[in-house]
Each structure stands twice: as C-alpha cells, then as structure tokens.
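Subject: Handing over a structure

Hello,

I am passing a structure on to you, with some notes on what turned up in it. Please have a look at it first and then read on.

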Amino acid sequence: MMDLRRPVVLAAVALLALSPGMAVASPAKSKPIPAAPAAPPPPPFEPLAPPKIYLFRGAMGPFFSTGMDRLEEKLTQAGFSANVYEFTICRWIGDRAISSYKEAPAPIVLIGHSMGGLCSIVISEMAAKENIPISLVITIDPAHATGDVPLNVERFINIFLSDSVLGGGNVVAVPGYRGHYASYDLKENSRVSHINIEKSDDIHRQIIEMVTQLPRIPPQTQLDAVPLRYLVPANTLVELWDSGVRLPVRRGDTMESIAAANRVPLWSLAQSNSLAENAQLTPGQSIIVPRHLAPPAPAAAMATPPAGRR
C-alpha cells in the first residue's frame with residue numbers, strides 16, 4: 001500500500017532547505033555589545049573670586065616701609081581688596097584672614113617687606129594648620145629669621161639682598177614643596193638697598209599684573225614646576241617669573257634662539273641651567289625656561305621667532 005504521507009514530508013524538507021532562515025540548525029545571531037558611554041567633558045573652569053591681599057611693613061614701617069603703602073594704594077585703585085598692616089600684629093591679622101577665608105573662600109595673597117616678609121611666612125604656617133591654601137606670597141628683603149615656605153603656598157617669590165644686614169633672608173621651601181618658587185638676589189645692583197627695595201614702581205606694576213591674573217589661571221599640575229634661583233646682574237630690571245618649566249631641545253636650537261623664542265634674557269636661561277651662554281645643546285636635551293603665571297604653549301615653546309621680532 002502506498003504511503004500517502006511521504007510526499008508531504010519530502011515537501012516539508014525541501015521547504016526547509018530553501019529557507020535557511022527557518023532551518024532548525026541555524027545559529028542564533030549574537031547581539032552587539034553596547035559601547036561604554038564616553039566620559040563627560042570636564043566642567044569649564046570658573047574664575048576664582050578676587051583675591052584678598054594683606055601687606056605688611058617692616059620695623060618702623062611708617063618711616064622705612066612706605067613702599068608697601070604705595071603698593072596698597074595702587075592695588076586698591078586697581079579694584080582689589082588690599083590693606084597694609086604693621087608686622088607687630090601679624091598673628092592677629094592671620095586669624096582674621098583665616099576666619100575670612102572660612103566664611104567666603106577667596107585667594108589669599110601675602111606681601112611683606114623686611115619683618116613683614118617674616119610675617120607673611122608666619123601667616124602661611126598658621127593657614128597650613130587649618131588646611132587653607134595661600135595663593136601667592138611675595139617677600140621683599142625679608143629678615144634673616146624668616147622660616148621656610150610651607151607646603152600650602154601655591155606660589156612664592158623672594159626679592160632680596162643676600163648681603164643685607166637688615167634683611168637678607170634667603171628663604172627656601174620645606175622638603176617636598178611642589179609649588180611655584182622663584183628667588184631673586186639683587187646684591188649686584190648698587191642702587192638697591194634695604195630701605196628702597198620695596199619702592200620699585202616696576203616691581204609694583206608686575207605684582208599688580210600677577211594679582212590680576214591669579215583668579216583667571218586654571219588649576220595647574222605642580223609636578224612640572226621647577227624652582228628658580230637667580231643672582232640678578234647689575235643694572236638689570238627684575239622680571240618676576242614664578243617658576244621654570246622643562247622643555248626639550250630640538251635640532252638647531254641654541255641658547256640664544258631658545259631665549260629669543262621664549263622672550264627671556266639669555267643670562268636667565270644660562271643661570272637656570274648652570275650653563276654658559278654659548279653652551280652647545282643636544283637635541284632631546286632638557287632645558288629649564290623661566291615662565292610667568294601662565295606657562296608657555298607647548299607647541300610654540302621652542303619655535304624660532306620670525307625675523308625682525310624682538
């Protein structure tokens with residue numbers, strides 16, 4: 001007897017062969033793994049509040065530290081909160097500065113002449129115990145007894161006369177300091193003395209420029225900050241760099257071309273690197289270049305300036 005079901009089974013098998021998508025042995029399609037979400041971009045840098053500036057006279061300040069009063073007037077005229085004090089009330093002003101910061105955080109700037117320079121370090125140490133940062137400290141021929149720069153100071157500048165009896169504080173930083181540090185010894189300049197070093201209009205101008213830039217500078221890693229120490233040549237204006245940065249030497253670079261490209265005097269480059277001004281450089285060699293608050297752009301740092309540019 002003929003099996004009438006056989007054609008139906010054969011037809012079904014043929015249909016499956018013509019339709020691979022319906023085949024029983026067809027593997028299931030793997031689902032794509034969703035890509036990990038991209039990290040959100042960092043929030044834009046918001047400028048800090050305007051700094052609060054505390055200035056301190058030295059001993060007999062109303063007679064011998066009048067440059068601090070003139071600087072206070074210039075800062076006030078520029079729109080900053082600045083006040084000048086006697087160093088004798090140092091700790092009281094330090095307590096006020098700390099309380100003010102806790103109530104409304106704003107960059108703290110301390111500037112002191114002679115014993116006022118010592119006072120600036122004392123207040124920095126007081127703030128360190130409260131975990132409060134000090135944005136900028138500038139000491140001007142501070143007393144020999146001035147302590148070391150503590151770790152909470154982000155930027156420190158010392159302008160002094162190493163042969164001064166009344167000042168002469170060659171201030172250094174504590175071990176492990178990672179902030180921006182620059183020291184300027186003006187003993188070669190015969191026109192500068194302990195009682196007129198704080199009166200320089202040119203230094204005042206640069207201090208005001210630094211304070212103006214301070215809130216606009218985004219947080220920078222301090223790992224690349226190289227401390228600077230200079231014996232400023234006689235009859236040379238002081239340029240207040242705040243630290244150095246290491247840059248690689250490229251083929252064809254010379255001491256003179258690097259100084260010109262970064263707009264720094266050749267003597268500063270030579271002293272920063274303990275090299276002669278005509279020293280031969282090797283491509284790939286690391287060289288320290290002084291910088292201001294805003295470091296030079298890496299891409300253009302070693303570019304040779306166009307002809308005719310000074």
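The expected span here is 1.5 Å times one less than the number of residues. Helices (H or I, at least four residues) and strands (E, at least two) are DSSP runs, numbered from the N terminus.

Before going further, please note that this is a predicted model, in which local features need pLDDT of at least 70 and side-chain atom pairs count only at pLDDT 80 or more, while totals for chains, interfaces and linings use all residues. Residues are numbered from 1 along each chain as its sequence is written, and side-chain values use heavy atoms, with hydrogens and water left out.

The buried residues of helix 6 are D202, I203, H204, Q206, I207, I208, M210 and V211. Buried means under 20% relative accessible area, exposed over 50%, and partly exposed in between (1.4 Å probe, protein chains only). Among the elements covering these residues of helix 6 are strand 1, helix 3, strand 3, strand 4 and strand 5 (155-160).

**Helix 3**

Helix 3 (residues 66-77) passes the same kind of check: its 12 residues should span 16 Å at 1.5 Å a residue, and the end C-alpha atoms are 17 Å apart, which agrees. Its buried residues are G67, M68, D69, L71, E72 and L75. They pack against strand 1 (52-57), strand 2 (81-86), strand 3 (108-113), strand 4 (136-140) and helix 6. After helix 3 comes G79, with a positive phi near 100°.

**The chain and its cores**

The chain has 8 helices and 9 strands, and 44% of its 310 residues count as buried. Taking contacts (heavy atoms within 4.5 Å) with a separation of 6 or more, 74% are between residues 24 or more positions apart.

In soluble globular proteins, nonpolar side chains tend to be buried together. The largest nonpolar core has 50 residues, and those with the most contacts inside it are I53, L55, I111, I159, Y184 and L240. A second, separate core of 27 residues includes Y54, I93, I98 and Y177. Such a core is a set of buried Ala, Val, Leu, Ile, Met, Phe, Trp, Tyr and Cys residues joined through side-chain atoms within 4.5 Å.

Which residues does L55 touch, leaving aside its neighbours within four places in sequence? They are M68, L71, E72, L75, A82, N83, V84, Y85 and I111.

**Strand 9**

P290 lies in strand 9 (residues 286-291) and counts as buried, at 4% relative accessibility. Its C-alpha atom is separated by 4.1 Å from that of G244, 46 residues apart along the chain. Setting aside neighbours within four places in sequence, P290 is in contact with residues including L228, Y230, W241, G244 and V264.

R291 is also in strand 9, and its 3% relative accessibility makes it buried too. The C-alpha atoms of R291 and E239, 52 residues apart along the chain, are separated by 10.0 Å.

Happy exploring!
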